Structure formats: C-alpha cells, structure tokens
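Please open the structure in your viewer and keep the selection tool at hand. The stops below can be followed in order.

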Amino acid sequence: MSHSTHPVTDRLPGIEAVLVALLAGVAGVAGSFAVAAFTPAFIAGPIAGFMARTLPGALITFSIVVLGDLGSQLNVLLAVGLSTTIFAVAALLGQAVGQRTAYPIAGVVAAATTALISVAITAAPTPSVVAGVATGTVVLLSDLSQSQAVSSHTADLSAGRRRLLAAVASAASLGIGGYVLGSQQSTQVSPPTLEGAQPWAAPEIEPLLAEAAEKSLGVSGLEPLVSDRFYEVDINSTDPTLDATSWSLTVTGTVDRELSYSYEDILSMEVDHQFVSLRCVGEALNGKKMDNALWTGVSIMDLVEPAGLPEDCCVMLRAADGFYEEFPLSALQDGFLAVGMNGEPLPRGHGYPARALIPGHWGEINVKWLTEIEILEEEQDGYWEERGWHGTGPVNTVAKLHVINTLDDGRKQVGGHAYAGVRGIDRVEVSTDGGDTWADATLSEPLPGTDVWRQWTYTYDPPGGEHEVVVRATDGMGALQPEEKSSPFPSGPSGWVTKTVR
Ligand SMILES: Nc1nc2c(c(=O)[nH]1)N[C@H]1C(S)=C(S)[C@@H](COP(=O)(O)O)O[C@H]1N2
Ligand SMILES: [Mo]
C-alpha cells in the first residue's frame with residue numbers, strides 16, 4: 001500500500017472527511033464511556049457540568065421548573081454531542097496531517113490528539129487513552145480502505161465510498177461495543193473494609209426497616225414508607241467517585257482550631273439510625289422528588305463542637321463536586337452526617353462516603369460528597385442562591401396525590417404521601433367535589449424520627465362522571481397547608497394538589 005497515492009485532489013475538510021471525523025468522534029466517546037461509564041472520567045461528564053454551571057441562571061431555572069428531568073437529559077445529550085464534535089476535530093486534524101505526509105499517520109495523530117484533549121478535560125488517563133485508540137482506529141481503518149481502493153485502481157468515487165463504509169462499520173462496532181461495556185459497569189464504590197466498623201449493618205437496622213414495611217399502607221402502586229427508588233438531584237450529570245480511604249472532612253473558618261476527620265474516624269464514632277425524608281425545592285407541586293430513607297450516621301455537632309464555634313451566623317457546606325450551600329448555624333444543631341442508607345453503605349449517587357442531613361430543610365442543603373464544613377461570620381450565597389433560588393429554609397407542607405385505583409367493588413381509592421419537615425403531619429383531608437366538602441384520609445402510623453413523611457389513603461364511592469379530587473395536609477403545629485398555588489421558583493412549590501378523576 002502506498003500513501004503517496006492519496007488523491008491530492010481531496011480538499012479538506014470535504015463532506016466525506018467531516019463524516020469520517022464525526023464517526024471517529026462517536027467511537028471515541030463510546031471508548032471513553034466503555035471505561036469510565038457514568039463517572040466524571042467520562043468525557044461528557046465535565047462538559048455537561050460546565051454547561052450547567054455556566055449557562056445563565058434563567059435558562060437553568062426554566063430547565064428545572066418547566067422541563068424537569070427532561071432538562072438534565074437534554075444537557076447530557078448536548079454534552080455527548082459536544083464531546084463527539086471535539087473528538088471529530090481531533091480526527092480532522094489527524095486526516096489533515098495524514099494528507100500532508102507520505103506516512104500513514106492520520107490515525108496516530110487523531111488518537112494522540114483525542115487522548116490529550118480528553119485527559120485535559122477529564123484528568124482521567126485510561127478512558128482518555130481508550131477514547132484516543134477508538135477515534136484513531138476509525139480514522140486509520142477508513143484511511144487504509146481508501147488507499148487500498150486507490151491502489152487497486154478503483155474509481156475515485158468508489159474509493160471515497162469504501163473510506164466512508166469502513167468508517168461507518170468501525171464506528172458502529174466500536175460505538176456499540178463501548179456502549180455495552182460502559183452500561184454493564186457498576187459505578188457503585190465499595191467502602192474499604194475497616195475492622196469492626198460497618199455501622200450500616202448494625203442489628204437495629206433490620207427491625208427499623210421491618211417497622212417501616214409494616215406501617216406502610218397496603219395501597220397498590222403507592223411507594224412504601226422507605227422509598228424503593230430514592231430521587232436524585234445533582235448539579236452534575238455524573239456523580240463523583242470518591243475514595244473513602246483518602247477522603248477527609250474538615251472543619252474550617254472562624255473556629256478556634258481547624259479539624260480534619262478521616263472516614264475511619266467517623267465510622268469509629270457513636271452512630272445513630274434515623275428516618276429522614278428529603279424534598280427538592282425545585283420539584284413540581286405533585287412531583288416525585290420527595291423520598292424517605294433510614295440513614296446511619298453521626299451527629300454533626302459532635303464533629304464541629306470540638307473545633308470551638310463562634311456565637312452565631314452561618315455555615316457553608318462544601319462538596320467534592322464543587323457544590324456548596326450556606327445556612328444559619330442554628331440549623332446545624334440537629335444535623336446528621338450519614339454514612340449509611342437503608343442498611344447499606346451510602347450509595348455513590350446519594351453522596352458516598354458521607355452526606356449531611358439537615359432535618360426539616362429543603363433537599364439542597366443536605367450536601368452530598370461532603371468535604372468541608374466552613375464556619376462563617378457573615379452570610380454568603382450558596383450555589384443555588386447565586387442562581388436566584390431560596391432553598392435553604394424549612395420545607396413547605398404538602399400532600400401529594402400519586403395513586404388513583406379503582407377497586408373490584410367499583411369504589412375509588414386515592415393515596416399519596418404528606419410531608420411537613422420537622423413540623424410533622426397531623427391530618428390529611430380529601431375532597432372529591434372540587435373542595436366543597438372534605439373528609440379525613442387514613443394516615444400511616446408515624447415512624448420514629450422528627451423529619452419523616454406519612455402516607456395517606458382515602459376510599460369513596462365515585463359520583464357518576466368526572467369529579468375533582470383535592471388533597472390538603474395539616475402540619476403538627478395545626479397549620480393548614482396554604483391553598484394558593486406558587487411555582488417552585490424561587491422558594492419551593494405550594495398549593496393544594498388537585499386531580500380530575502373519571
Ligand atoms: N454535593 C452535592 N450535594 C447535593 C446536591 C448536589 O448537586 N451536589 N444536590 C442537592 C439537592 S438540590 C437535593 S434536592 C438533594 C437531593 O439528594 P438526593 O440526590 O440524595 O435525593 O441533594 C442536595 N445535595
Ligand atoms: Mo434540590
């Protein structure tokens with residue numbers, strides 16, 4: 001094969017070169033995914049994060065409030081597209097250099113450039129090298145097949161076709177292979193085995209989980225009191241992968257002395273197991289970003305008090321993913337540092353190795369992947385407050401309507417969860433006539449804990465035809481949930497949930 005026979009007429013970047021480059025880019029992204037899966041080492045991870053951090057707050061708010069989960073999916077899709085384009089530029093560069101020399105180095109240049117760009121963005125060598133090899137392979141194979149076509153005196157058109165076909169075939173197989181490999185990877189991190197320290201496996205856990213199962217109402221389709229699928233909300237589309245053995249939690253700022261705790265330090269402290277519910281300030285009124293779990297952890301005050309605290313003001317919690325949230329020092333009093341969830345080490349998606357739980361407050365200050373507790377003398381904005389949200393305060397009272405069943409006898413059964421943070425839930429009422437008349441719903445028996453949701457259910461004979469079901473909760477202070485509807489932005493959704501039932 002002789003590369004000197006490259007058609008010199010092929011001006012770059014012709015449509016064909018661009019297509020080959022894009023295919024090579026697809027293979028490169030798949031190669032990165034094959035090794036990194038959905039971790040920050042995946043090329044699209046940091047790019048999606050960068051976009052989420054730098055796009056205008058109004059656009060992000062629109063995405064959260066109007067698009068919901070679709071918004072973050074679009075962001076990931078956009079990041080994958082951008083990553084493909086970036087690798088395609090590397091492939092184009094390879095082709096351009098390859099054309100100007102007598103040596104078959106297009107693939108090598110494409111591979112090296114891709115790997116370099118990837119490592120600069122992700123700081124992860126292995127997935128970057130694999131991405132480079134995948135990109136380079138597509139460029140190399142398309143290059144080879146073209147020179148073969150040319151040297152076998154095939155017509156120019158056919159040479160171009162063969163080149164493109166080789167790129168399609170190699171990119172498709174590398175792409176599918178990479179996707180399958182990446183999807184099969186477990187991205188859960190297992191904690192280091194520390195002798196005698198597995199507080200999430202304590203004997204108290206099983207009975208508590210059993211209690212939650214028993215107290216859950218037997219309403220078909222209603223999530224039990226300990227959520228099957230706990231929602232996740234993150235500023236990044238890939239979760240950090242922290243190594244607990246090198247992780248530490250520091251107490252800094254205006255303290256008498258700064259402190260640092262290792263994972264082992266925390267696991268050897270006195271632990272407690274608490275049911276705590278979380279709800280995201282940015283969720284829809286009847287959304288599903290409200291859940292409950294049994295958490296294992298230690299008191300945050302036990303960690304910060306030895307540092308010597310000032311009289312007042314604030315605390316900033318900082319995390320390994322670049323997230324930070326600030327709130328009054330007083331809210332830290334009942335703060336809990338969780339290392340376990342439902343009898344398991346804290347899952348990566350929920351903050352492994354450790355997260356804060358601040359009872360009664362919106363989800364956002366329950367900082368995951370916690371690395372620093374900074375004591376402040378003056379107020380500062382947190383990540384979401386810089387973007388216009390007011391999500392550091394106590395949650396709004398809500399009764400959700402998630403289940404509408406028709407029973408065998410023709411009656412309707414409705415149900416959901418009610419939550420009011422540390423105020424607790426005392427009562428849930430249901431109206432089946434659009435709010436004219438009200439009846440009490442049945443509530444699940446309360447679980448131990450100060451910040452736990454309850455389930456409610458109500459069964460009734462449906463009036464003929466369409467009717468309006470309305471639900472409202474009364475908190476433990478006797479306050480009725482306000483009727484007036486408000487958007488999640490900026491301080492959380494409120495209003496009575498209403499649904500038309502047929
Ligand atoms: N480090 C970090 N902590 C975080 C977030 C984040 O993006 N990064 N999201 C917050 C938000 S907005 C919410 S609602 C809760 C959600 O916790 P979950 O994902 O465990 O349900 O985590 C909070 N803690
Ligand atoms: Mo949130």
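## Starting at the ligand

Select Asn 366 together with ligand 1: a backbone N or O atom of Asn 366 lies 3.1 Å from a nitrogen atom of ligand 1, a polar contact in the sense of a pair of N or O atoms within 3.5 Å. The model is a predicted one, in which local features need pLDDT of at least 70 and side-chain atom pairs count only at pLDDT 80 or more, while totals for chains, interfaces and linings use all residues. Residues are numbered from 1 along each chain as its sequence is written, chains are lettered from A and ligands numbered from 1 in the order in which they are written, and side-chain values use heavy atoms, with hydrogens and water left out.

Taken alone, ligand 1 exposes 530 Å², and the protein buries 99% of that (areas by the Shrake-Rupley method with a 1.4 Å probe).

Stay with Val 233, which sits in the loop between helix H8 (205–215) and strand E1 (248–253); helices (H or I, at least four residues) and strands (E, at least two) are DSSP runs, numbered from the N terminus. Val 233 is partly exposed, with a relative accessible area of 33%, where buried means under 20%, exposed over 50% and partly exposed in between (1.4 Å probe, protein chains only).

## The nonpolar cores

Now select Tyr 263, Ile 266, Leu 332 and Trp 456, which are among the residues with the most contacts inside the largest nonpolar core, a set of 87 residues. Such a core joins buried Ala, Val, Leu, Ile, Met, Phe, Trp, Tyr and Cys residues through side-chain atoms within 4.5 Å. Its largest share, five residues, comes from strand E5 (residues 314–319). Domain 2 (199–387) and domain 3 (398–501) both give residues to this core, so it lies between them; the domain bounds come from an automatic or database domain assignment. Apart from it lies another core, of 14 residues, including Ile 43 and Met 51.

## The annotated spans

Finally, select residues 20–43, 50–68, 74–94 and 101–121, which an unreviewed UniProt entry annotates as "transmembrane region"; such annotations may be inferred rather than shown by experiment. In residues 101–121, the end C-alpha atoms lie 29 Å apart, and the span is 76% helix and 0% strand.

Methods
Polar contact = N/O pair within 3.5 Å; in protein donor to acceptor, adjacent residues only side chain to side chain.
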